[in-house]
Amino acid sequence: MIGTKQNERSNNRGDVVIGIDKEREKGEYKEREHSFIRSTVQDFLKHSFAGFDAIIHLAATVSVIKTIEDPIGSHDNNATLTLKLLEKVKEMGINKIVFTS
């Protein structure tokens, strides 16, 4: 829901949006992204962010049940992955990041 609204707002401003999601298909976004990559953030971090002006990071384990069943995996997905993303953003010289969890 948050990602959908942010995506609509960014597109309405004329921003180029690239959606990255490991579970959804492009059709679920109703073609709102200019580009869509079915990927995990972990895999996406292996690539260059050259040309990016900003990152909006909304990825997280959202299921309370999953966080109870796999607290270590949830921590890796939420906290550790966010730290890796921040390091990559800094390395690439991107000065704008929006994060919510």
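Welcome to this chain, which has 4 helices and 4 strands. The model is a predicted one.

**The chain as a whole**
- The chain has 101 residues, and 25% of them count as buried.
- Its accessible surface comes to about 7200 Å², with 54% of that belonging to carbon and sulfur atoms.
- Among the contacts with a separation of 6 or more, 48% are made by residues 24 or more positions apart.

**The largest nonpolar core**
- In soluble globular proteins, nonpolar side chains tend to be buried together.
- Here, the largest nonpolar core has 9 residues: V41, F44, L45, F49, I55, L81, L85, V89 and I94.
- Two elements, α2 (41–44) and α4 (71–92), each give two or more residues to this core.
- The largest share comes from α4, with 3 residues.
- F49, one of the core residues, is in contact with F44, I55, L85, K88, V89, M92 and I94, once its neighbours within four places in sequence are left aside.

**The aromatic pair**
- Searching the whole structure turns up 1 aromatic pair.
- That pair is F44 and F52: their ring centres are 6.3 Å apart and their planes meet at 50 degrees, so the pair counts as tilted.
- F44 has a relative accessibility of 12%, so this residue counts as buried, the cut-off being under 20%.
- F52, at 25% relative accessibility, counts as partly exposed.

**I37 and its surroundings**
- You can find I37 in strand β2, which covers residues 35–38.
- With a relative accessibility of 30%, I37 counts as partly exposed.
- I37 and I20 are 17 residues apart along the chain, yet their C-alpha atoms are separated by 4.8 Å.
- Not counting residues up to four places away in sequence, I37 touches I18, G19, I20, D21 and F44.
- F44 therefore turns up in several places on this tour: in the core, in the aromatic pair and beside I37 as a contact.

- I2, I56, L58 and V98 make a nonpolar surface patch of about 330 Å².
- One of these residues, I56, has its place in strand β3 (residues 55–57).
- I56 is partly exposed, as its relative accessible area is 37%.

Methods: Residues numbered from 1 in each chain as written. Predicted model: local features only at pLDDT ≥ 70, side-chain atom pairs only at ≥ 80, totals over all residues. Heavy atoms only, no water. Core = buried A, V, L, I, M, F, W, Y, C linked by side-chain atoms within 4.5 Å. Buried < 20%, exposed > 50% of the residue type's maximum accessible area, 1.4 Å probe, protein only. Contact = heavy atoms within 4.5 Å. Phe/Tyr/Trp six-rings, centres within 6.5 Å; stacked < 30°, edge-to-face > 60°. Patch = residues over 30% accessible without salt bridge, like charges linked within 9 Å, V, L, I, M, F, W, Y side chains within 5 Å. Areas by Shrake-Rupley, 256 points an atom, 1.4 Å probe, with all protein chains shown as cover. Salt bridge = Lys/Arg side-chain N within 4 Å of Asp/Glu carboxyl O.
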